[in-house]
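Here is a short briefing on one protein chain. Keep the sequence and the 3D view open as you read.

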Amino acid sequence: MQNTIIEAGAPPAPLNMRLERQRLHDTVVDHLRNLIVEGTLAPGTKLNERELCETLGISRTPLREAMKVLSAEGLVEILPNRGASVSRMTETEVWETFELMSGLEALSGELACERITPVELAEIKALHYAMLSCKAQNDLPGYYSRNQAIHNKINEAARNSVMRQTYLTMNRRLQALRFKSNFKADKWDSAVHDHEEMIKALDARDGKRLAAVLRQHLLDKRDAVMSVVNPPEENKET
């Protein structure tokens, strides 16, 4: 019976306090993640706790909790006695991770064509048109967020929980690199064309076609990223 007694003077935190703390935690995680994805915090950047706390208007506890989440996602590296910094992927890691993602995206597309609902398809189409509107306005962050939402919803529509968890883990490591790959106009135009083909294949429930488009789309992203990570000799400064 002793274990069931609640100590006097140690009441549980009010529910609204817990919700507020959770919202703050999620907000800080999302904000830092966006700073990393959009390149404001570049790979290798040392994360100064004092400066970030002042900028975000928070204490060190929620900041450190957020960094632990981002560390688990592979976006932040925390070293004992050295603090935290934005993770930097090696060329081999970039190549192999995109290679794996191309397979996950292809399988997502094939399964989604079998399992997607009309409502889900309508949502993806709406995101596609919103994405095109962002491109017309040269709004790369807006375009990218809708682009990612489309890929995410295709993966959700596949309804495979094991693949879902692997997909989320891998994709978080690549988000910053995928964002950068659209900086050049020709790459951006090519990505939009791929998305138009994705919508057509999904609308037709053509799993093999969608799988092929998604696989090549990710491999093209890989090549675009690698050209930035390791540019050709003629593009390097002498």
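Which residues does leucine 177 touch, not counting residues up to four places away in sequence? The contacts are Met89, Val94, Phe98 and Val225. Bear in mind that this is a predicted model.

**Overall layout**

- The chain is built from nine helices and three strands.
- Along the sequence, the elements run α-β-α-α-β-β-α-α-α-α-α-α.
- Of its 238 residues, 40% count as buried.
- Take the contacts with a separation of 6 or more: 72% of them join residues 24 or more positions apart.
- The accessible surface is about 13,800 Å². Carbon and sulfur atoms contribute 52% of that surface.

**Leucine 177**

- This residue sits in helix α7, which covers residues 161-180.
- Is leucine 177 buried or exposed? Leucine 177 is buried, because its relative accessibility is 14% and the cut-off for buried is under 20%.
- Methionine 89 is one of its contacts.

- Strand β2 spans residues 76-79, and strand β3 spans residues 83-86.
- The two strands pair in the antiparallel sense, over four bridges.
- Glutamate 77 has serine 85 in β3 as its bridge partner.
- Three residues lie between the strands of this hairpin. Asparagine 81 is in the turn.

- Most residues other than glycine have a negative phi.
- Asparagine 81 counts as exposed because its relative accessibility is 85%, and exposed means over 50%.
- Where does asparagine 138 lie? Asparagine 138 is in the loop between α5 (118-136) and α6 (140-157).
- At 61% relative accessibility, asparagine 138 also counts as exposed.

**To locate in the view**

- Start at leucine 177 in α7, then find its contacts Met89, Val94, Phe98 and Val225.
- Next, go to the hairpin of β2 and β3 and pick out asparagine 81 in its turn.
- Finish at asparagine 138, in the loop between α5 and α6.

Methods: Residues numbered from 1 in each chain as written. Predicted model: local features only at pLDDT ≥ 70, side-chain atom pairs only at ≥ 80, totals over all residues. Heavy atoms only, no water. Pairing = 2+ DSSP bridges. Buried < 20%, exposed > 50% of the residue type's maximum accessible area, 1.4 Å probe, protein only. Contact = heavy atoms within 4.5 Å. Areas by Shrake-Rupley, 256 points an atom, 1.4 Å probe, with all protein chains shown as cover.
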